[in-house]
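I opened this entry to record what I looked up, step by step. The file comes first, my notes after it.

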2 protein chains.
Amino acid sequence: MVFESELDGHKLIMDAPGAAGGKDKGPRPKPLMLSALAGCTGMDVVGMLNKMRVDLKGFNINIEAETTDEVPKHYKKIKVIYEFLGTDLPKDKLEKAVELSREKYCGVSHVYKQVIEMDYEIRVKES
Amino acid sequence: MVFESELDGHKLIMDAPGAAGGKDKGPRPKPLMLSALAGCTGMDVVGMLNKMRVDLKGFNINIEAETTDEVPKHYKKIKVIYEFLGTDLPKDKLEKAVELSREKYCGVSHVYKQVIEMDYEIRVKES
């Protein structure tokens with residue numbers, strides 16, 4: 001069940017868990033859909049906030065996703081939680097950047113949102 | 001632009017290319033959509049062919065994908081090329097396994113095919 005994927009000159013190992021005949025040598029394939037989404041919207045947002053001169057001390061994206069029980073087991077709900085760390089961060093700019101990524105720039109969101117129920121949340125932490 | 005993703009206890013680094021303000025420390029996020037697809041359908045197919053007692057010497061998946069030019073830049077066409085290596089492989093079983101993955105089992109295909117034009121090809125190499 002081990003698959004090696006080559007992407008932009010980088011190697012990525014995928015594997016199934018032990019219970020499914022694999023050896024857990026890498027992540028499962030399906031959740032890579034979520035990494036694609038996190039990276040896509042994350043780079044959008046950081047790029048825009050840089051241009052807006054917003055000084056972030058840190059930035060995390062957590063994704064909560066729910067799959068169907070029936071086959072084909074696929075994501076039916078995805079919630080993207082954007083967590084910004086910094087001092088006196090301008091909430092309007094954070095919201096604007098997230099909105100522009102979700103609605104306009106992120107090509108991964110664009111595909112998923114036509115099939116999957118998508119939700120998001122913005123969290124701000126003083127630091 | 002470097003993002004570290006944690007998946008099933010495995011770490012995955014994503015990054016943008018130099019031209020986009022990154023340092024190429026890992027793959028771009030969007031093509032991870034293709035790795036997710038390759039791994040998902042690949043594990044399905046290998047699992048089914050094992051059950052059908054088909055003896056593969058090797059198995060590769062190549063994906064050709066085309067994105068839109070306009071924003072949001074997203075995949076509009078994806079072609080999955082299944083390449084099987086072995087001796088006197090039973091083509092009907094290879095086709096059956098690929099079809100079952102595409103139509104019934106692969107939860108990644110299930111999402112993409114509702115939005116993206118999907119195509120596939122089966123190649124067999126004697127070895």
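The notes below go from the fold of one chain to its contacts with the other.

I worked on a predicted model, where local features need pLDDT of at least 70 and side-chain atom pairs count only at pLDDT 80 or more, while totals for chains, interfaces and linings use all residues. Residues are numbered from 1 along each chain as its sequence is written, chains are lettered from A and ligands numbered from 1 in the order in which they are written, and side-chain values use heavy atoms, with hydrogens and water left out.

**Fold of chain A.** I counted three helices and five strands in chain A. Helices (H or I, at least four residues) and strands (E, at least two) are DSSP runs numbered from the N terminus. Along the sequence I read the pattern β-β-α-β-β-α-α-β for chain A. I noted a box of roughly 50 × 30 × 25 Å for the C-alpha atoms of chain A, along the principal axes.

**Sheet.** I looked up the strand order next. In chain A, three strands form an open sheet, β3-β4-β5, with mixed pairing; two strands pair if DSSP finds at least two bridges between them. The edges are β3 (58-67) and β5 (117-126) of chain A, each with a single partner strand, so one side of each has no neighbour in the sheet. Direction ignored, neighbouring strands of this sheet are turned by 15 degrees against each other on average.

I then took the two pairings in turn. β3(A) and β4(A) run antiparallel and are joined by ten bridges; A:G58 has A:L85 in β4(A) as its bridge partner. β4(A), residues 75-86, pairs with β5(A) in the parallel sense, over ten bridges.

α1(A) lies across β3, β4 and β5 of chain A, at about 150 degrees to β3(A). α2(A) lies across β4 and β5 of chain A, at about 155 degrees to β5(A). Axes are lines fitted to C-alpha atoms, for helices over the stretch in contact (heavy atoms within 4.5 Å), and angles run from 0 to 180 degrees between N-to-C directions.

**Interface.** How many residues of chain A are in contact with chain B? I got 45 residues of chain A against 44 residues of chain B. The area buried between the chains is about 3,700 Å², with 79% from carbon and sulfur atoms; buried area is the accessible area (1.4 Å probe) that two parts lose on being put together, summed over both. In chain A, the residues that lose the most area to chain B are A:F3, A:H10 and A:M43, together 17% of what that side buries.

**Charged pairs.** I searched the whole structure and found 16 salt bridges over all chains, a salt bridge being a side-chain nitrogen of Lys or Arg within 4 Å of a carboxyl oxygen of Asp or Glu. Two salt bridges cross the interface of chain A and chain B. In one listed pair, B:R28 meets A:D8 with the closest N and O atoms 3.8 Å apart. B:R28 lies in the loop between β2 (10-14) and α1 (32-51) of chain B and A:D8 in the loop between β1 and β2 of chain A, so the pair joins two chains.
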